[in-house]
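Subject: Structure handover

Hello,

Here is the structure I promised to pass on. Please open it first, then read my notes below.

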Amino acid sequence: IVAEELISQEKYEDALTQYEKLFNEYDFIFLRDYKIASQLSFLIGENEKGFIYLKKAISNGWKLTNIKEQKFLSKYLLDSDWKNIEKQYKDLHKQFLNRIDTTLKNRVQLMIEKDQKLAYEAYIIEDEDKQEKFISENFPEHSEEQLVNLIEIFETNGYPGEFLIGNHVWVSTILSHHNSQGLDYVRKDTLFDFIRPKLIQFLNKGYISPYEIALPEDWRKTVLSDWNESPYGYLNPPSTANISQINKTRKAIGLRSVDLRNKLIDIEVKTGMSFYLPDWVDGKIKIEEK
């Protein structure tokens with residue numbers, strides 16, 4: 001958060017220093033932080049550092065195809081640089097593959113594919129009543145089986161996220177689907193209540209990001225309030241009446257404020273950098289009048 005606040009103030013050298021302190025303090029670094037540090041380095045003319053953090057990002061799972069899609073980097077990398085990266089890519093990516101648990105990754109990937117398949121079957125039903133009937137008849141058993149599997153993984157392996165399997169989306173998506181089944185189901189559900197303290201433990205240990213708690217919890221509390229509340233401001237846009245409480249809720253789990261997110265969007269536009277902000281909200285989060 002401190003680094004991002006410095007970025008929002010256009011203090012890029014100080015922000016890079018803050019990221020470097022972060023890298024020295026923690027054993028596990030999220031891929032996103034290496035991506036940002038690499039961009040900051042190139043922006044301020046620290047090209048050598050830029051390549052160091054770019055290579056660290058690759059060894060933490062950044063794919064070459066995604067790097068080539070990064071328009072900001074294309075402004076700073078020469079043809080010879082790209083050739084050098086391509087030459088080293090295989091060995092760097094191998095470090096990533098050796099670090100993660102591929103067996104566990106395959107297991108969780110099958111879970112998310114099963115989840116997405118059922119969600120799509122519900123999505124293509126146009127009649128609202130038929131859709132709700134399909135969800136109520138098919139989702140509870142499926143979702144409870146998914147969460148029982150997750151609990152077993154949590155207790156045996158830990159949280160199967162970026163640290164263990166190199167993916168930070170799958171589990172939060174499964175949990176979000178579980179919490180979006182409708183008011184009657186969510187009101188009586190106890191599985192997420194059992195899981196949430198475990199999520200907080202993994203967050204405090206530095207193995208998951210705040211988003212992986214915020215999104216499924218936003219779904220849960222939004223459904224429970226009959227879509228009148230959104231504690232993190234994702235599913236319902238914040239208003240002048242509740243923005244203070246939303247920022248307080250965000251701060252409690254280490255998530256940036258709405259204002260800081262919106263300032264980072266401005267910096268993205270100004271510099272061309274990408275901060276890889278959650279893409280389920282497009283651009284800035286609008287604060288509506290009460």
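Glu-217 and Arg-196 form a salt bridge, with their closest N and O atoms 2.1 Å apart. Glu-217 belongs to helix 14 (residues 211-224) and Arg-196 to helix 13 (residues 191-204), so the bridge ties together parts 21 residues apart in sequence. Glu-217 is buried, at 4% relative accessible area. Arg-196 is partly exposed, at 27%.

Some ground rules. This is a predicted model, in which local features need pLDDT of at least 70 and side-chain atom pairs count only at pLDDT 80 or more, while totals for chains, interfaces and linings use all residues. Residues are numbered from 1 along each chain as its sequence is written, and side-chain values use heavy atoms, with hydrogens and water left out.

The terms used above need their cut-offs. A salt bridge is a side-chain nitrogen of Lys or Arg within 4 Å of a carboxyl oxygen of Asp or Glu. Buried means under 20% relative accessible area, exposed means over 50%, and partly exposed lies in between (1.4 Å probe, protein chains only). Helices (H or I, at least four residues) and strands (E, at least two) are DSSP runs, numbered from the N terminus.

More on salt bridges

Side chains of opposite charge can pair when their charged atoms come close. The whole structure holds 16 salt bridges. One of them joins Arg-32 and Glu-4, at 2.6 Å from N to O. This pair links distant parts of the chain: Arg-32 sits in helix 3 (residues 31-43), Glu-4 in helix 1 (residues 2-8), and they are 28 residues apart. Both Arg-32 and Glu-4 are buried.

Arg-32 also bridges to Asp-33, at 3.9 Å from N to O. Asp-33 is buried, as is Arg-32. What else is in this network? Salt bridges link Glu-4, Arg-32, Asp-33 and Arg-256.

Aromatic rings

The search of the whole structure gives 16 aromatic pairs. One is Phe-42 with Phe-51: the ring centres are 5.2 Å apart and the planes stand at 90 degrees, so the pair is edge-to-face. Rings of Phe, Tyr and Trp (its six-membered ring) pair if their centres lie within 6.5 Å; planes under 30 degrees apart count as stacked, over 60 as edge-to-face and the rest as tilted. Phe-42 is buried, at 1% relative accessible area. There is also an aromatic cluster, formed by Tyr-19, Phe-23, Tyr-34 and Tyr-53.

Surface patches

A patch of negative charge on the surface gathers Glu-126, Asp-127, Glu-128, Asp-129 and Glu-132. Glu-128 is in helix 9 (residues 128-156). Glu-128 is exposed, at 54% relative accessible area.

Tyr-120, Tyr-123 and Ile-124 make up a nonpolar surface patch, with about 390 Å² of accessible area together. Tyr-120 lies in helix 8 (residues 102-123). Tyr-120 is exposed too, at 51% relative accessible area.

Patches are made of residues with over 30% relative accessible area and no salt bridge: like charges are joined within 9 Å, nonpolar side chains (Val, Leu, Ile, Met, Phe, Trp, Tyr) within 5 Å. Accessible areas come from the Shrake-Rupley method with a 1.4 Å probe; for residues, only the protein chains shown count as cover. Lys and Arg count as positive, Asp and Glu as negative, and His and the chain ends are not counted. A charge is placed at NZ of Lys, CZ of Arg, CG of Asp or CD of Glu.

Backbone and loops

Glu-10 is not a glycine, yet has a positive phi, near 65 degrees. Glu-10 sits in the loop between helix 1 and helix 2 (12-25). Glu-10 is partly exposed, at 37% relative accessible area.

Tyr-276 also has a positive phi without being a glycine, at about 50 degrees. Tyr-276 is in the segment after helix 16 (258-271). Tyr-276 is partly exposed, at 28% relative accessible area.

Asp-27 lies in the loop between helix 2 and helix 3. Asp-27 is exposed, at 86% relative accessible area.

Best wishes
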